Amino acid sequence: MKKIAVIGGNGQLGNCIRKIAPDFENTYEFIFTDSQTLDITNEDQINGFFYDNKPDYCINASAYTAVDLAEKEKDKAFAVNADGVAYLAQACADNKCILIHVSTDYVFDGDTNLPYSEDDFTNPTGVYGASKRKGEELALEINPKTIILRTSWLYSEFNKNFVKTMLNLFSQKDQLGIVADQFGQPTNANDLAEAIMDIIETPGKTFGIFHFSNYPETTWFEFAKKIAEFSGSSVQLNPLTTDQYPTPAKRPGRSTMSLDKIEEVYKIEPKHWENSLEESVKILTQQ
């Protein structure tokens, strides 16, 4: 039985993989780690983990994701998102293990009107995006058997995310201002988990960078409006410009990604974001 190591097993994506793992219990043995059981910034710990477990696949669902705080904690962001990825990639290479590494749309500056392809020039505008880009580069350089999945605006019923924050605020506020001039693709982490398992199940892997998200593009404002609609909230939402809502880290203006490659190579058809959101809000409002 092949083994799948899930690094960051208590994060959003890790929890979503954990949820569907029983569906594959006759085919794969899953090993979930978290920051307490495996510190990916510690190379010796990683090497020990690989020596003990010898996984066939390593899903790196761990990351430093505090976008604004990263501007102050550059060393910490790079330690997790770049150095830690390099250690994982080296351990994978040494143990003939396929690395599936999750990255972000924040590697792009968002200064475009066209969807980004996997080959487009990356130009992150902040420390978080820069650290994730460095992780991509190191992973591909160290382990040729690496699949990088760039995703965006991730949410689920687990941990902190935009959808859960909105639902919480809807119960406290009569009105909210939401940024309406930043474009991207909301992604249900459950859909990403399923896509990763589809890739693992596909014989004859194609390695390199792929984009995966739900589609089509939208704005944070329209995203919030749908959360309100699906949850039955009567909150008043007001559109804001990026200038009206300044943040320590600059966000991409339009980080929409083309999904053609993953559809063509792995036959994965992403879902419409509204359909995936409706499912997620239903789960969250029933909890």
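Me: Which residue takes a positive phi just after α7?
Reply: That's glycine 232, and its phi is about 75°. Keep in mind while we chat that this is a predicted model.

Me: Where does α7 run, and how far apart are its end C-alpha atoms?
Reply: Helix α7 covers residues 220-231. Its 12 residues should span 16 Å at 1.5 Å a residue, and the end C-alpha atoms are 16 Å apart, so the two values agree.

Me: Which residues of α7 are buried?
Reply: They are Trp220, Phe221, Phe223, Ala224, Lys226, Ile227 and Ala228. Here is some background for reading that list. An α-helix has 3.6 residues a turn, so residues three or four places apart point the same way.

Me: And what do those buried residues pack against?
Reply: Quite a list! The helices are α5 (162-170) and α9 (273-286). The strands are β6 (154-155), β7 (175-179), β11 (218-219) and β12 (236-240).

Me: What is lysine 226 in contact with?
Reply: Leaving aside neighbours within four places in sequence, lysine 226 is in contact with Trp273, Glu274 and Leu277.

Me: What about tryptophan 220, where is that?
Reply: Tryptophan 220 is also in helix α7. Its relative accessible area is 14%, and it is buried.

Me: Which residues does tryptophan 220 touch?
Reply: Not counting residues up to four places away in sequence, tryptophan 220 touches Trp153, Phe162, Ile178, Val179 and Gln182.

Me: Trp153 came up just now. Where is tryptophan 153, and what is its phi?
Reply: Tryptophan 153 lies in the loop between β5 (146-151) and β6. Its phi is near 50°, a positive value in a residue other than glycine. Most residues other than glycine have a negative phi, and most peptide bonds are trans. Tryptophan 153 also counts as buried, at 9% relative accessibility.

Me: Which other residue has a positive phi without being a glycine?
Reply: Lysine 267 is one, with phi near 55°. You'll find lysine 267 in the loop between α8 (260-266) and α9. With a relative accessible area of 65%, lysine 267 is exposed, whereas tryptophan 153 is buried.

Me: New topic: which peptide bond is cis?
Reply: The one from tyrosine 215 to proline 216 is cis, with omega near -10°. Proline 216 is found in the loop between β10 (208-211) and β11.

Me: What's threonine 218 up to in β11?
Reply: Threonine 218 lies in that strand and counts as buried, at 6% relative accessibility. Leaving aside neighbours within four places in sequence, its contacts are Trp153, Gln182, Phe183, Gly184, Pro186, Phe223 and Trp273. Trp153 is also touched by tryptophan 220.

Me: Let's jump elsewhere. Is glutamine 90 exposed, partly exposed or buried?
Reply: Partly exposed, at 33% relative accessibility. Glutamine 90 lies in helix α3 (residues 74-94). The C-alpha atoms of glutamine 90 and asparagine 188 are separated by 30 Å.

Me: Now zoom out. How many helices and strands are there?
Reply: The protein chain has 9 helices and 12 strands. Its radius of gyration is 19 Å, close to the 19 Å that the globule rule gives for 287 residues, so the chain is as compact as a globular protein of that length.

Me: How much of the chain is buried?
Reply: Buried residues make up 52% of the 287 residues. The chain exposes about 13400 Å², and carbon and sulfur atoms supply 46% of that.

Me: Last one: what about the charges?
Reply: There are 27 positive and 42 negative charges, and their mean positions are 2 Å apart.

Definitions and conventions
Residues numbered from 1 in each chain as written. Predicted model: local features only at pLDDT ≥ 70, side-chain atom pairs only at ≥ 80, totals over all residues. Heavy atoms only, no water. Helix = DSSP H or I, 4+ residues; strand = E, 2+ residues; numbered from the N terminus. Rg over C-alpha atoms; globule rule 2.2 N^0.38 Å. Buried < 20%, exposed > 50% of the residue type's maximum accessible area, 1.4 Å probe, protein only. Areas by Shrake-Rupley, 256 points an atom, 1.4 Å probe, with all protein chains shown as cover. Lys, Arg positive; Asp, Glu negative; His and termini not counted. Charge placed at Lys NZ, Arg CZ, Asp CG, Glu CD. Expected span 1.5 Å × (residues − 1). Contact = heavy atoms within 4.5 Å.
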